[in-house]
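Colleague: I am new to this structure and should be grateful for a guided account. Please take one part and look at it closely, then place it in its surroundings.

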Amino acid sequence: MTDAPITTTPILELDAVGFRYRGGQEALADVSLAVGAGEAVGIVGQSGAGKSTLLRLLLGLDRPTTGSVRFDGGALDPRDRTRVRRFRASVQAVFQDPYSSLDPRQRIGRIVAEPLRSLRLATTEQATVRATEALEAVGLPADAASRFPHEFSGGQRQRIAIARAIVPNPRLLLADEPVSALDMSTRIQIIELLAELRASNGLALVMVSHDLGTVAALCERTMVLRHGQVVEAGATAQVLHDPAEAYTKQLIAAIPRLPR
Amino acid sequence: MSDLLDISGLTITRGVRRGAPDGADQPLLDGLDLTIAAGGRLGLIGGSGSGKSLTSLAVIGLLGEQLSASGSVELAGTQVIGAPDRALRPLRGRVAGLVFQEPLTALDPLMRVGAQLAEPLRRHLGLRGERLKEAVEAALVEVSLTDTARIAASYPHELSGGQRQRIAIAIALAGRPQLLIADEPTTALDVTVQAEVLALIDRLVRERGMALLFISHDLAVVSTMVDEVVVLSEGRAVERGAVAQVLTAPQHEDTRRLVTSARALDDALEDPR
Amino acid sequence: MSAVDAQTALADRRPVRRRARSATLTVGLVLVGVIAVLAAVSLVWLPFAPTDTSGGRLEGPTGTHWLGTDKLGRDLMTQLMIGARIALATGAGAVAVGAVIGIAVGLAAAFASAWLDDTISAALDVVIAFPVLLLAMLIVAAQGASLGTAIIAIGLAMSAIVARLTRILTKRVLSEQYVVAARTAGTSWAGVIGQHVLPNIWPTLSVNLALQFGIAVLAEASLSYLGLGAPPPNASWGRLLQEAQATVTTAPVGAIAPGVAVVMLVVGVNFIADGLRDLGDPTRRRGA
């Protein structure tokens with residue numbers, strides 16, 4: 001990690017962002033984050049840390065009560081349809097539950113092509129081709145396109161979700177606990193797939209997880225969240241091996257390790 | 001000395017007991033052998049669909065109508081396969097206690113947890129009135145829930161995941177069973193809570209001299225609790241041995257995949273990107 | 001997967017008496033088919049003209065009058081066939097009205113803010129609390145008895161139930177992650193409703209609508225029985241039942257025929273609803 005300031009505009013930026021629910025409950029306070037092209041940041045926290053709220057703000061599904069969220073340096077005005085569409089094409093997401101993130105009544109091909117349809121990025125024929133390419137990029141056979149979600153395992157469904165996310169050629173991928181619902185044996189496969197896609201597409205990554213191991217395998221930077229506040233942030237290696245805060249130390253100490 | 005739990009050739013198929021199994025369905029569990037001596041510990045490792053959860057249900061005869069089991073499962077000398085329910089009821093809670101992954105579904109949402117804990121204590125130990133109340137308090141303290149009055153009066157949804165799981169453990173141990181079967185007991189918990197609950201299980205099992213069957217898909221977690229493991233894959237036991245050995249020299253392809261994945265994540269913690 | 005999940009997953013995959021279910025669907029289709037054929041044929045041919053009173057009074061079934069005649073000498077078979085047409089029109093019409101209004105209101109409630117949703121739900125509960133028949137009677141009494149009024153009245157009463165069902169089904173779909181995924185894929189809310197919500201609530205909703213068809217037919221028969229439906233000769237089965245009431249001991253066929261017809265249609269529709277429920281299960285479909 002160099003000390004040089006980022007000279008290019010970050011793709012997504014959170015500036016002292018806070019979020020308070022209508023009932024007054026505070027979910028986030030003073031969180032700042034900047035993700036530039038090709039960078040990978042992990043957001044670690046346990047339940048109630050505010051990870052989901054943070055994710056929703058990053059995805060533009062909610063507006064912060066304080067602070068600002070910036071995409072390519074500018075605010076995200078929902079009325080500016082063109083800008084919103086560019087945002088959606090540039091920032092895509094993979095969600096936690098592979099059994100809930102795919103519409104059970106649609107065929108895989110249609111599911112994967114949805115971003116192209118909704119963002120009007122391709123004609124129907126082009127969309128079919130690109131969907132097939134995306135499926136192959138995630139290691140699924142082309143004939144998967146005509147099947148239904150229930151015909152696939154959890155790990156395969158997660159690949160399908162990733163295919164859907166990369167089909168519009170995004171610049172940044174937001175992953176919400178992408179492997180938490182998967183088997184141990186499948187986890188590393190998905191992690192490797194994400195690493196591969198990062199390398200080949202120059203994809204930036206923001207991964208939210210409660211599992212430090214997953215974050216450590218993919219992200220060069222880590223942010224530790226607790227009760228909606230940033231406890232510690234920095235290079236993953238440093239946060240893991242030389243944590244400054246007691247909470248971080250506690251978190252790391254609790255991770256079950258293999259005998260060495 | 002015979003083993004506390006002796007499973008031999010356990011096969012579980014989907015199909016009504018009366019007729020032949022459905023078509024050419026593969027058995028969900030195929031010829032499983034495993035033994036646990038009194039006070040011994042064994043880990044059962046496998047992914048989803050490996051049949052590990054079915055094993056825990058088979059041990060206490062709770063497989064349900066749609067599944068049929070064959071082979072032999074001897075728990076403290078009683079044959080479980082084919083035994084009528086009334087023969088198995090004395091085993092449940094008194095010989096073997098079970099803790100599941102999701103305490104929210106294991107606990108009755110409409111009953112205060114104190115009452116839920118009192119019920120097995122009353123049933124298994126025959127306690128009543130004041131002595132029962134004291135036993136409930138003692139059981140809560142034993143699982144490190146010291147604010148006994150408040151906790152006993154709470155409903156499950158008013159407690160945290162870790163607290164609920166401690167209650168579930170207390171309930172499982174109420175009848176002072178000889179064997180604790182823990183099926184993914186910490187998978188749904190935060191990592192710091194997981195560490196506490198695992199330490200709790202370890203301490204209680206040790207203090208009471210109980211045997212432990214620990215079921216999980218997480219090799220790291222299992223390795224902190226047991227020394228011997230059986231690896232299940234698609235219904236078959238593909239490997240067994242000491243944890244250290246399985247980790248360093250996995251024989252079966254499925255075990256290798258499991259170990260590689262666990263190692264990769266563990267390595268990342270040593271040496272991140 | 002925990003032990004409990006494993007058990008549930010297995011339960012879901014068990015092929016539940018598949019053969020029994022498709023028999024139900026077939027029987028249902030046959031029963032409804034008979035009525036449908038009667039109705040279709042009635043459009044092009046009737047044994048007698050509806051107003052023809054040439055037959056003897058209250059005659060039993062003969063070679064010319066297959067089901068006999070009514071108290072004015074009109075052919076009963078003819079009236080039954082016309083009644084079939086009316087029954088099907090009522091069912092379809094009421095369901096159409098109920099579905100259009102109900103689905104629209106239900107969707108609105110599901111997307112509405114908390115207080116608006118509560119208001120709509122309360123209003124729906126009030127409407128549902130009224131018996132369908134009573135509500136229909138009120139509307140018909142105000143607007144005058146005719147088939148059209150009856151259809152709209154029954155449809156309106158039914159729309160509340162459809163709305164409530166739509167609301168809860170939609171809310172369930174909206175809580176699924178594929179809806180969030182659709183939004184991040186750039187799909188508009190209209191797109192989400194059209195591509196994800198409606199297809200996913202349709203299986204359960206269609207079963208309910210099929211059942212409502214039967215209820216609508218019964219409701220119209222009851223309205224006619226009470227004298228609030230269209231008068232003969234374009235009478236519905238309910239009206240036929242009312243007219244045959246007085247002479248049920250001397251000319252029983254006059255009551256039995258429309259009664260059997262109503263039962264056939266309603267039971268048939270319910271069987272079809274049962275069959276639809278099984279068909280609507282997405283896990284039974286397979287890719288190429």
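Which residues have the most contacts inside the largest nonpolar core, and how many residues does that core have?

Modeller: The model is a predicted one, and its overall scores are ipTM 0.89 and pTM 0.85. The largest nonpolar core has 247 residues. Those with the most contacts inside it are A:Leu205, B:Leu179, C:Ala136 and C:Ile154.

Helix H3 of chain A covers residues 108–118, and eight of its 11 residues are buried, so the helix is largely enclosed by the rest of the structure. The buried residues are A:Ile108, A:Ile111, A:Val112, A:Ala113, A:Glu114, A:Pro115, A:Leu116 and A:Ser118. Within chain A, they pack against strand S6 (91–94), helix H4 (124–137) and helix H5 (154–166). The packing also crosses to another chain, for H7 and H8 of chain C take part in it. Just after H3(A), A:Arg120 takes a positive phi of about 50 degrees.

The two helices of chain C deserve a word of their own. Helix H7 of chain C, residues 177–184, has the highest mean pLDDT among the elements of that chain, at 95. Helix H8 of chain C spans residues 189–225 and holds C:His196. C:His196 counts as buried because 22 other C-beta atoms lie within 10 Å, where 20 or more are required. Apart from residues up to four places away in sequence, C:His196 touches A:Asp103, C:Val173, C:Tyr178, C:Val179 and C:Ala182. One of these partners, A:Asp103, belongs to chain A. Another, C:Val173, is 23 residues from C:His196 in sequence, while their C-alpha atoms are 8.0 Å apart in space.

Where pLDDT is low, the predicted coordinates should not be read in detail.

Chain A also contains an open sheet of four strands, in the order S2-S1-S4-S5, with antiparallel pairing. Strand S2 (26–35) and strand S5 (74–75) of chain A stand at the edges; each has a single partner strand, so one side of each is left without a neighbour in the sheet. Further in, strand S1 (residues 12–20) and strand S4 (residues 66–71) of chain A pair over five bridges in the antiparallel sense. A:Gly18 has A:Thr66 in S4(A) as its bridge partner.

The loop between S4 and S5 of chain A contains A:Asp72. Although A:Asp72 is not a glycine, it has a positive phi of about 50 degrees. A:Asp72 is partly exposed, with 16 other C-beta atoms within 10 Å. Elsewhere in chain A, A:His227 lies in the loop between strand S9 (221–226) and strand S10 (229–235). A:His227 is not a glycine either, and has a positive phi of about 50 degrees. For A:His227 there are 15 other C-beta atoms within 10 Å, and this residue is partly exposed.

In chain B, 30 residues are in contact with 28 residues of chain A. On the chain B side, helix H8 (191–207), helix H9 (219–225), helix H10 (243–248) and helix H11 (253–270) of chain B each give two or more residues. The largest share, 11 residues, comes from H11(B). By class, this side of chain B has 15 nonpolar, nine polar and six charged residues.

As a whole, chain B has 11 helices and 10 strands. Of its 273 residues, 51% count as buried. The radius of gyration of chain B is 19 Å, which agrees with the value near 19 Å for a compact globule of 273 residues. Along the principal axes, the C-alpha atoms of chain B fill a box of roughly 55 × 55 × 40 Å. Of the contacts in chain B with a separation of 6 or more, 65% join residues 24 or more positions apart.

Conventions: Residues are numbered from 1 along each chain as its sequence is written. Chains are lettered from A and ligands numbered from 1 in the order in which they are written. This is a predicted model: local features need pLDDT of at least 70, side-chain atom pairs count only at pLDDT 80 or more; totals for chains, interfaces and linings use all residues. A nonpolar core is a set of buried Ala, Val, Leu, Ile, Met, Phe, Trp, Tyr and Cys residues joined through C-beta atoms within 7 Å. A residue is buried if 20 or more other C-beta atoms lie within 10 Å of its own, exposed if 12 or fewer, and partly exposed in between; C-beta atoms are placed from the backbone. Two residues are in contact if their C-beta atoms, placed from the backbone, lie within 7 Å. Ala, Val, Leu, Ile, Met, Phe, Trp, Tyr, Cys and Pro count as nonpolar, Asp, Glu, Lys and Arg as charged, and the others, Gly among them, as polar. The radius of gyration is taken over C-alpha atoms; the globule rule is 2.2 Å times the number of residues to the power 0.38. pLDDT is the predictor's confidence in each residue, from 0 to 100. Two strands pair if DSSP finds at least two bridges between them.
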